[in-house]
Amino acid sequence: MRATNAQLWSTLRSITGRYRQVLRFLIARLIYNDGLITVFAFGGIYAATTFGFSTEQAITFRIALNVAAGLGAFLFGYVDDRLGGQRTIILSLIGLVVFGVVAVTTYSVMWFWVAAPGAGLLAGPNQAASRSLLGRFVPEDRRNEFYGFFAISGKFTSSLGPDILGYVVQLTASQRWGLATVLMFFAAGLVLLLRVDEE
């Protein structure tokens, strides 16, 4: 345990020193990833409470989100190879904001079924491109070390998005306003990501 903690502190010192672009990227990723965590955690609840989905429909909805995410990760792998990880993430975040706005504002079940799998389709490449972008930043002999920190750092703020959504729902008595908070995470992550110099 002591060796693990020492390794984490060593990685953190490297990130805040020599690898400043990694630090900027990780902060952006922590924020937009919270939005993704919230969507996958509460998307089914939102569908059930706002659009009256039955239990079977909610299960189908969750399956559709995950299938779309897997399909998106596969298809956008070519985009990542061609445009780079940062541009791929930027495109995915813009798309997530657009589909998020549709999901929050529509009263049509049909449009909700367009927006939700659309967001899932972009969630997969967002996560895949985030991992590939980190790999481009760090030397090959330190990748395991940095990917370990990448995985652990994602857990530090994982409850922030759901907590804020729950607070807003309590405050406004509206699931729509609660889900709208994920747009803030996507937009803020996008702004911070634009400050990262991939080159």
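Predicted model: local features only at pLDDT ≥ 70, side-chain atom pairs only at ≥ 80, totals over all residues.
**Stop 1: helix α7**

Start by selecting residues 160-172, which make up helix α7. This helix has 13 residues and spans 18 Å from its first C-alpha to its last, close to the 18 Å expected at 1.5 Å a residue. Now colour Gly161, Pro162, Leu165, Val168 and Val169, the buried residues of α7. Turn the view until you look down the axis of α7: the buried residues fall within an arc of 130°, so they line one face of the helix. An α-helix has 3.6 residues a turn, so residues three or four places apart point the same way.

What sits on the face turned away from that buried side? There you will find the exposed residues Asp163, Tyr167, Gln170 and Leu171. To see what lies over the buried residues of α7, show α2 (20-51) and α8 (175-193), which are among the elements covering them.

**Stop 2: Thr38**

Stay with helix α2 and select Thr38, which lies in it. Is Thr38 buried or exposed? At 0% relative accessibility, Thr38 counts as buried. Leaving aside residues up to four places away in sequence, Thr38 touches Gly43, Gly161, Pro162, Leu165 and Val182.

**Stop 3: Ala173**

Next, step just past the end of α7 to Ala173, in the loop between α7 and α8. Ala173 has a positive phi of about 55° although it is not a glycine. Its relative accessible area is 73%, so Ala173 is exposed.

**Stop 4: the nonpolar core**

Now turn to the largest nonpolar core, which has 41 residues. Which of them have the most contacts inside the core? Select Phe25, Ile89, Leu93, Phe112, Phe186 and Leu193 to see them. The elements giving two or more residues to this core are α2, α3, α4 (85-105), α5, α7 and α8.

Zoom in on Phe186 and show its neighbours. Not counting residues up to four places away in sequence, Phe186 touches Tyr32, Gly35, Leu36, Val39, Leu93, Leu96 and Val97.

**Stop 5: the aromatic rings**

The model holds 9 aromatic pairs. One of them joins Tyr46 and Phe51, an edge-to-face pair at 6.0 Å centre to centre with 70° between the planes. Both partners can be checked for burial: Tyr46 is buried, with a relative accessible area of 2%, and Phe51 is buried too, at 13%.

Then pick Phe61 and Trp113. Their ring centres are 5.9 Å apart and their planes meet at 70°, so this pair is edge-to-face. The pair links distant parts of the chain: Phe61 sits in helix α3 (residues 55-83) and Trp113 in helix α5 (residues 109-137), 52 residues apart. Phe61 is buried, with a relative accessible area of 2%, whereas Trp113 counts as partly exposed at 30% relative accessibility.

**Last stop: Arg176 and Tyr107**

Arg176 lies over the face of Tyr107, at 3.9 Å from the ring centre.

Technical notes:
Residues numbered from 1 in each chain as written. Heavy atoms only, no water. Phe/Tyr/Trp six-rings, centres within 6.5 Å; stacked < 30°, edge-to-face > 60°. Buried < 20%, exposed > 50% of the residue type's maximum accessible area, 1.4 Å probe, protein only. Helix = DSSP H or I, 4+ residues; strand = E, 2+ residues; numbered from the N terminus. Lys NZ or Arg CZ within 6 Å of the ring centre and 35° of its normal. Expected span 1.5 Å × (residues − 1). Arc of directions from axis to C-beta. Contact = heavy atoms within 4.5 Å. Core = buried A, V, L, I, M, F, W, Y, C linked by side-chain atoms within 4.5 Å.
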